[in-house]
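Hi,

Here is the structure I promised to pass on. Have a look at it first, and my notes follow below.

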Amino acid sequence: MMQRFTLLILFLFSLQVFAQISPKDTIRVENYPTDSVSTKKAPSDIAVLEDIKEANAPAKAVKYNPTKAGLYSAVLPGLGQYYNRKYWKIPIVWGAIGTGVGITLWNQKRYDRYRDAFIAELNGQEHEFSDIPGVTKEVLGRTQDRAKRQRDYAIAITSLIYVLNIVDAVVDAHLYEGRKDPDLALKPTVIFDEFGKTNSKAGLSLSYNF
């Protein structure tokens, strides 16, 4: 009887110990196949040749539409240069046209002032220059004419810059492909001058192959 009671206690004790074992304490070993055959196929010789040809192919020449470039510059000066990716020209265009517009407005303001004073002087009325000695209608007339003439010059120069902005965009877009043409080359060279004081001079050579 005592032997059975001892076995029962040992059995219950072993069940309690087994129940306290956490699944995290176990070690899981996974066996991965090491000598399996890869399903990835090697590229064929044709595919390799195609990749080599594609890698060594010359870059495609970028073409720009001269008509678009001209229209863009006509709508907004500098926009055609942006289309041609000549970003460094945009500040030049804006600066030149902005300066011309500013000078035009400044001379227009001067002309309006002297014009109003000239008309007031003709009518015997007071104006902003009445207190200045020597200011007559002749002086005011010449001054207003000079301001008007300078305004007209500024308008003409600004208009010319505006037109040149369009022409530059059109020509730049038209000649872009030509600059990328290897048959058209401009490079530094040495010029031999047998009639000058020095036999050789630095210069540029322009070569064109038909």
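A word on contacts before anything else: two residues are in contact when heavy atoms lie within 4.5 Å. The model is predicted, so local features need pLDDT of at least 70 and side-chain atom pairs count only at pLDDT 80 or more, while totals for chains, interfaces and linings use all residues. Residues are numbered from 1 along each chain as its sequence is written, and side-chain values use heavy atoms, with hydrogens and water left out.

First, the overall picture. The chain has six helices and two strands, in the order α-α-α-α-α-α-β-β from the N terminus. These elements are DSSP runs numbered from the N terminus, with helices being H or I of at least four residues and strands E of at least two. Of the 210 residues, 19% are buried; buried means under 20% relative accessible area, exposed over 50%, and partly exposed in between (1.4 Å probe, protein chains only). The accessible surface comes to about 17,400 Å², and 62% of that belongs to carbon and sulfur atoms. Areas are from the Shrake-Rupley method with a 1.4 Å probe, and for residues only the protein chains shown count as cover. Among contacts with a separation of 6 or more, 46% are between residues 24 or more positions apart.

Now the loop between α4 and α5, where Asn84 is found. Asn84 counts as buried because its relative accessibility is 3%. Leaving out residues up to four places away in sequence, Asn84 touches Tyr64, Ala69, Ala169, Asp172 and Ala173.

Lys89 forms a salt bridge with Asp168, the closest N and O atoms being 3.0 Å apart. Lys89 lies in that loop and Asp168 in helix α6 (residues 137–179), so the pair ties together parts 79 residues apart in sequence. Lys89 is buried at 15% relative accessible area, whereas Asp168 is partly exposed at 26%. The rule here is a side-chain nitrogen of Lys or Arg within 4 Å of a carboxyl oxygen of Asp or Glu, and by this rule there are five salt bridges.

Asp152 takes part in two of the pairs I looked at: with Lys148 at 3.5 Å, N to O, and with Arg151 at 3.1 Å. Asp152 and Lys148 both sit in helix α6, four residues apart, about one turn of the helix. Arg151 is buried at 14% relative accessible area. Salt bridges with shared partners also join Lys89, Asp168 and Asp172 into one network.

Next, the inside. The largest nonpolar core consists of Tyr114, Ala117, Phe118, Phe129 and Leu140, a core being a set of buried Ala, Val, Leu, Ile, Met, Phe, Trp, Tyr and Cys residues joined through side-chain atoms within 4.5 Å. Helix α5 (residues 90–122) gives the most to this core, with three residues. Tyr114 lies in that helix and is buried at 16% relative accessible area.

Leu71, Tyr72, Val75, Leu76, Leu79, Tyr82 and Tyr87 make a nonpolar surface patch of about 710 Å². Patches take residues with over 30% relative accessible area and no salt bridge, joining like charges within 9 Å and nonpolar side chains (Val, Leu, Ile, Met, Phe, Trp, Tyr) within 5 Å. Helix α3 supplies the largest share, three residues. Leu71, in α3, is exposed at 53% relative accessibility.

Best wishes
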